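Biologist: I'd like to learn how to read a model like this one. Could you take me through it, feature by feature?

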There are 2 protein chains.
Amino acid sequence: MFSFKINKTDGNARVCTFVSSRGTVETPCFMPVATSASVKLLTSEEVFSMGFKAIILNAYHLFIRPGVEIITNSGGIHRFMKWDGLALTDSGGFQIFSLPCSREDEDGIILKDPESGALHYFTPEKIIEIEEKIGADVIMCLDYCPRIWDNLEELKISVHRTVVWAKRCLAAHSTEKQQLWGIIQGGTDISLRIWCIEGLERMEFNGYGIGGLSIGEPWEMTLKTVDFISRNIPGNKVRYLMGLGMPDQIVEACELGIDFFDCAMPTRIARNGTTLTWNGKFNIKAAACKDENGPLDPECSCRVCSTYSRAYIRHLFNAHEMLGMRLNSYHNLYFMSELMKMIRSSIKQGKFQEFKKNFLSKYQRKE
Amino acid sequence: MFSFKINKTDGNARVCTFVSSRGTVETPCFMPVATSASVKLLTSEEVFSMGFKAIILNAYHLFIRPGVEIITNSGGIHRFMKWDGLALTDSGGFQIFSLPCSREDEDGIILKDPESGALHYFTPEKIIEIEEKIGADVIMCLDYCPRIWDNLEELKISVHRTVVWAKRCLAAHSTEKQQLWGIIQGGTDISLRIWCIEGLERMEFNGYGIGGLSIGEPWEMTLKTVDFISRNIPGNKVRYLMGLGMPDQIVEACELGIDFFDCAMPTRIARNGTTLTWNGKFNIKAAACKDENGPLDPECSCRVCSTYSRAYIRHLFNAHEMLGMRLNSYHNLYFMSELMKMIRSSIKQGKFQEFKKNFLSKYQRKE
């Protein structure tokens with residue numbers, strides 16, 4: 001039902017195909033974030049048509065709202081939101097750990113729903129049950145996210161529980177229709193990361209999320225850690241860098257052999273007026289844009305850039321017209337899609353280094 | 001450049017064609033409201049493709065933001081927002097009169113911009129200058145809007161100034177590329193309305209806005225007033241009922257021979273979760289919708305109804321996902337477009353009364 005194949009490598013960068021019942025996803029791929037079953041402001045059709053074959057959702061958020069019952073009653077998450085591509089659910093570990101919790105131990109977490117006040121007990125078994133009901137194609141284990149990146153004790157607990165919980169997730173997982181991926185924790189501590197990878201590898205997961213990064217550590221340490229982890233995940237397993245990144249970060253992580261990415265930033269910053277272009281990012285709300293009749297990015301061929309001017313989109317933001325956020329979100333995601341196509345194409349041609357150099361020199365010039 | 005022709009009448013209801021350099025608009029027609037150069041949350045392309053051939057914008061709002069210079073620099077309002085159909089600008093009289101003003105006399109109004117604090121002096125000449133620069137196809141005279149519907153003194157001042165200002169607007173109007181329409185004031189007072197129509201008719205406008213209604217008076221009085229005014233506007237002139245209405249109101253006003261409508265309600269209520277259907281309106285946020293896998297309206301063939309379920313759209317509203325407002329806005333406007341098509345079709349077939357009866361009995365059943 002699932003297969004993963006390396007098609008081309010260029011250094012450590014690689015183009016692979018991940019096949020599921022939803023079709024083929026070519027990697028490196030970027031997954032737009034649809035936390036609550038919506039890529040903010042955009043339709044599933046738009047996201048698919050701009051070239052994305054996979055999205056990521058959040059099991060915890062979907063459990064809280066609309067609740068699993070509504071999703072199962074509609075025939076699963078794909079039917080619910082009319083998404084025909086690959087769907088992943090993150091367990092929500094990251095979100096659960098960033099909310100105030102009543103109790104937390106070896107066994108799981110009791111969490112108070114911040115809106116309704118209801119108490120929910122999340123265990124690895126419970127999360128898998130939720131993820132199975134939601135019905136994504138790939139589901140992530142419940143991991144224990146460290147709250148501080150450089151506290152060794154916290155990191156040790158994180159890795160220990162993440163491995164124990166992964167085993168319980170695997171035991172609870174009951175369907176071959178979904179592939180379960182493990183999550184690697186350990187902060188920037190190399191020996192803890194190794195411990196975690198070895199622990200998870202004994203369970204023979206088909207894919208690994210690299211978690212617990214971009215939580216405060218410097219980017220150079222992130223990159224060094226990703227490099228180390230990537231080299232230590234067997235080549236035939238999927239490598240998914242969770243929760244980042246921005247265009248330049250993605251290019252650098254592709255060089256290290258990462259296959260899957262997700263990041264809320266491209267759409268989040270879009271709603272604040274930040275526009276991604278091949279010449280770097282800029283803010284469309286800036287006064288300099290008020291008379292610019294050209295597109296957001298002259299090098300972009302998306303529907304927004306081929307229709308609307310910077311002056312118009314700036315006006316929409318200034319007039320608090322939500323269409324501005326919508327158009328900028330569309331453009332930024334289209335940019336991400338094109339970026340991933342360029343990355344894959346350059347790897348296939350054995351020209352990734354050249355692409356990386358050219359891309360970064362243009363993209364980072366203005367920053 | 002402009003022409004207006006009656007093609008078919010059925011009682012007082014009529015199907016006409018209004019031709020401009022932007023093509024042909026068949027009436028009765030509903031104009032979506034794009035106050036600040038955006039039909040909220042929707043692209044110009046979407047609005048056009050669902051069958052609308054005319055939109056209304058607001059000269060006062062556009063003067064404040066983005067300012068006329070930005071619009072003229074982009075080549076006029078059509079290019080600015082990429083709208084290829086007919087564009088009307090209301091003068092903004094209604095908006096100006098609902099804001100606190102520093103001074104107001106025979107000559108015009110000094111207004112304090114509520115955001116920037118800047119003082120603006122609006123005279124009939126100034127408004128025409130603004131409307132000419134914005135570059136809509138049809139522009140409305142500056143009228144004096146009564147603040148209270150049943151104060152006779154206020155209504156008298158309103159009619160007097162509206163007629164005087166219309167004359168000044170006409171004198172200031174300098175281009176044949178735009179057609180200038182007058183606005184009829186006078187509240188529900190029949191003799192004041194007659195006085196206003198006669199005053200304006202001496203200036204030989206090609207079209208008339210019916211203003212100053214739906215500001216507190218009972219609907220039956222609105223209808224009676226519209227009927228009276230409509231009968232007293234020469235048949236070869238356009239009749240535009242300004243600022244209303246909802247579906248049932250439009251059907252009733254079409255019976256009285258109204259050609260143009262505009263109303264912000266279909267999109268405004270959409271953003272609050274109210275959905276228009278052929279069986280009346282309902283609120284998609286209602287708990288009853290949580291498990292409904294059918295479309296917003298089973299009788300609707302819009303892209304939203306042929307794709308997404310009530311359960312999904314309800315979830316979007318509950319999760320504060322703006323996509324919910326977008327999808328509901330699209331549906332409600334599509335409904336308005338279909339309604340106008342049905343109205344025109346029934347008039348052409350001489351079956352307007354039958355249509356009206358059937359429509360209202362279904363639409364009003366649930367209300």
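Modeller: Let's start with a helix on a sheet. In chain A, helix α8 (residues 190-201) lies across β11 (179-184) and β12 (207-210), and α8(A) runs at about 160° to β11(A). Helices here are DSSP runs of H or I with at least four residues, strands are E runs of at least two, and both are numbered from the N terminus. Axes are lines fitted to C-alpha atoms, for helices over the stretch in contact, with angles from 0 to 180 degrees between N-to-C directions. Contact means C-beta atoms, placed from the backbone, within 7 Å.

Biologist: And the ground rules?

Modeller: This is a predicted model: local features need pLDDT of at least 70 and side-chain atom pairs pLDDT 80 or more, while totals for chains, interfaces and linings use all residues. Residues are numbered from 1 along each chain as its sequence is written, and chains are lettered from A and ligands numbered from 1 in the order in which they are written.

Biologist: What is the strand order of the open sheet in chain A?

Modeller: Strands of a sheet pair through backbone hydrogen bonds, either parallel or antiparallel. In chain A, 8 strands run in the order β4-β14-β13-β12-β11-β10-β6-β5, with parallel pairing; a pair needs at least two DSSP bridges. β4 and β5 (54-58) are the edge strands, each pairing on one side only. From one strand to the next, the twist averages 25°.

Biologist: How do helices α6 and α7 of chain B cross?

Modeller: Two packed helices are described by the angle between their axes and the distance between the axes. The axes of α6 (residues 124-134) and α7 (residues 152-172) of chain B come within 8 Å and cross at roughly 45°. That makes α6(B) oblique to α7(B), because oblique is what remains after under 35 degrees (roughly parallel), over 145 (roughly antiparallel) and 65 to 115 (roughly perpendicular). B:P124, B:E125 and B:I128 of α6(B) meet B:W165, B:R168, B:C169 and B:A172 of α7(B).

Biologist: How many residues does each chain give to the contact between A and B?

Modeller: Chain A gives 31 residues and chain B gives 31. On the chain A side, α12(A) gives the most, with 5 residues.

Conventions:
Contact = placed C-beta atoms within 7 Å.
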